[in-house]
Amino acid sequence: MKILVINGPNLNMLGIREPEMYGYLTLDNIQEELKNYAKQLDNSIELEFFQSNFEGEIVDKIQSAFGVFDGIIINPAAYTHTSVAIADAIASVNIKSVEVHLSNIYSREEFRHNSFIAPKCIGQVAGFSKDSYKMALLGLYGVLK
Ligand code: DQA
């Protein structure tokens, strides 16, 4: 089972960026922990990680996942609230996807309460910091296996 894990803009700054909101773990730390979790869950899960600060690169990556990946876990970061293009890309490839957020976007500013991406996903996990990614993987695995 091949799962693509996509992280959007500014998530490469985790560890430095607003630690009171996002904690002190780096994106590498989170990805390493997710790899270990995947191994425990099912040794046949293969994860690939991709991070970009550019909307078009994320669209390209989602398109290139067609026929290659079984599932997508995506933290679109700020593009969650703005990107019709990423939502359309997920709908185009028809790959089961889960949206993830470190923070609870519904307890934050109003503009973060809307997601263009979530309606194209099978589910959304928000508010559990690094564990949001693990919960997304568990859910996706349950659907795909
Ligand atoms: C985020 C929430 C977004 O609103 C924000 O723009 C981010 C991070 C999260 O993981 O909590 O960059 O996606």
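Buried means under 20% relative accessible area, exposed means over 50%, and partly exposed covers what lies in between (1.4 Å probe, protein chains only). This is a predicted model, so local features need pLDDT of at least 70 and side-chain atom pairs pLDDT 80 or more, while totals for chains, interfaces and linings use all residues. Residues are numbered from 1 along each chain as its sequence is written, and side-chain values use heavy atoms, with hydrogens and water left out.

Q: Why is Q51 called partly exposed?
A: Its relative accessibility is 25%, so Q51 falls in the range between 20% and 50%. You will find Q51 in strand β2 (residues 46-51), a strand being a DSSP run of E with at least two residues.

Q: What makes E32 partly exposed?
A: E32 has a relative accessibility of 41%, so it too lies between the 20% and 50% limits. E32 belongs to helix α2 (residues 27-41), where a helix is a DSSP run of H or I with at least four residues. From the C-alpha of E32 to that of G8, 24 residues apart along the chain, is 17 Å.

Q: How do you know whether S115 is buried or exposed?
A: The value for S115 is 10%, which is under 20%, so S115 counts as buried. S115 sits in the loop between β4 (96-101) and β5 (123-126).

Q: What makes the pairing of the S115 and E99 side chains a polar contact?
A: The two side chains come to 2.7 Å, and a polar contact is a pair of N or O atoms within 3.5 Å, one able to donate a hydrogen and the other to accept it. A polar atom of the S115 side chain is also 3.1 Å from the backbone nitrogen of I117.

Q: How do the residues of the shell around the ligand divide?
A: Five are nonpolar, four polar and three charged. The surrounding residues include R17, Y22, N75 and H81; Arg counts as charged and Tyr as nonpolar.

Conventions:
Near = heavy atom within 4 Å.
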